[in-house]
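Dear colleague,

Please find below the structure that I am handing over to you. My notes on it follow directly after it.

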Amino acid sequence: MRLKIFSTCLLLFAATSCDKMETDTLFCNLTLSASLPDGAAIVRMEVDKSLESTYIRNINNRMEYDFPVFVNNKGTLRVQKGVYLISFDAKATLQDGSIVSVRSSEHSNAERAVTLLGEREEITLNLTLLDLASGK
């Protein structure tokens, strides 16, 4: 009888311990921070999703995620933990109202990939200024 009770308790413990906790540990809440060479603040930045060179790709499973809209230099998204390649071109609106074309390519190859294993991670993306897209 004791063996039955012990087995039942062990089974119940095993069944309830696998609930939500395991799925939470698979994902990372990622904050991407954009940084221009001159330190200018970006009010809004939208990534050009039409380019093949635009991706945030998990190397382990080849899953790709959509970029968020960046507001006040930051964008957040939830990704599966792993090693990532990040590359994009975007239009950034600065505080003075000017719009510039920018590129992020420092994490675009396997040698410079980003490892995301924590529940929360923040990456600073050092942007390259391509050209002045339009005036004020």
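I begin with Arg62, which is exposed because its relative accessible area is 57%; buried means under 20% relative accessible area, exposed over 50%, and partly exposed in between (1.4 Å probe, protein chains only). Please note that this is a predicted model, in which local features need pLDDT of at least 70 and side-chain atom pairs count only at pLDDT 80 or more, while totals for chains, interfaces and linings use all residues. Residues are numbered from 1 along each chain as its sequence is written, and side-chain values use heavy atoms, with hydrogens and water left out.

Backbone. Arg62 has a positive phi of about 65 degrees although it is not a glycine. Arg62 is placed in the loop between β3 (55–58) and β4 (70–71); helices (H or I, at least four residues) and strands (E, at least two) are DSSP runs, numbered from the N terminus. Asn73, also not a glycine, has a positive phi of about 75 degrees and is found in the loop between β4 and β5 (74–80). For context, most residues other than glycine have a negative phi.

Aromatic rings. The structure holds three aromatic pairs, where rings of Phe, Tyr and Trp (its six-membered ring) pair if their centres lie within 6.5 Å, and planes under 30 degrees apart count as stacked, over 60 as edge-to-face and the rest as tilted. One of them joins Tyr65 and Tyr84, with ring centres 6.1 Å apart and planes at 50 degrees, so this pair is tilted. The pair links distant parts of the chain, 19 residues apart: Tyr65 is in the loop between β3 and β4, and Tyr84 is in strand β6 (residues 82–94). Tyr65 is buried at 17% relative accessible area, and Tyr84 is buried at 0%. Phe70 and Phe88 form a tilted pair as well, 6.2 Å centre to centre with 35 degrees between the planes. Because Phe70 lies in strand β4 and Phe88 in strand β6, this pair ties together parts that are 18 residues apart in sequence. Phe67, Phe70 and Phe88 form one aromatic cluster.

Nonpolar core. The largest nonpolar core has 27 residues, and those with the most contacts inside it are Leu32, Met45, Ile86, Phe88 and Leu127. Such a core is a set of buried Ala, Val, Leu, Ile, Met, Phe, Trp, Tyr and Cys residues joined through side-chain atoms within 4.5 Å. Strand β6 gives the most to this core, with six residues. Ser104, in strand β7, is buried at 0% relative accessibility. Leaving aside neighbours within four places in sequence, Ser104 is in contact (heavy atoms within 4.5 Å) with Ile86, Ser87, Phe88, Leu125 and Leu127.

Charged groups. The count comes to four salt bridges, each being a side-chain nitrogen of Lys or Arg within 4 Å of a carboxyl oxygen of Asp or Glu. Among them, Arg44 and Glu46 meet at 2.8 Å, N to O. Another joins Glu64 to Arg57, the closest N and O atoms being 2.7 Å apart; Glu64 is partly exposed at 44%, whereas Arg57 is buried at 15%. A further bridge, between Asp89 and Arg103, has an N to O distance of 2.7 Å. Asp89 lies in strand β6 and Arg103 in strand β7, so the pair ties together parts that are 14 residues apart in sequence.

Yours sincerely
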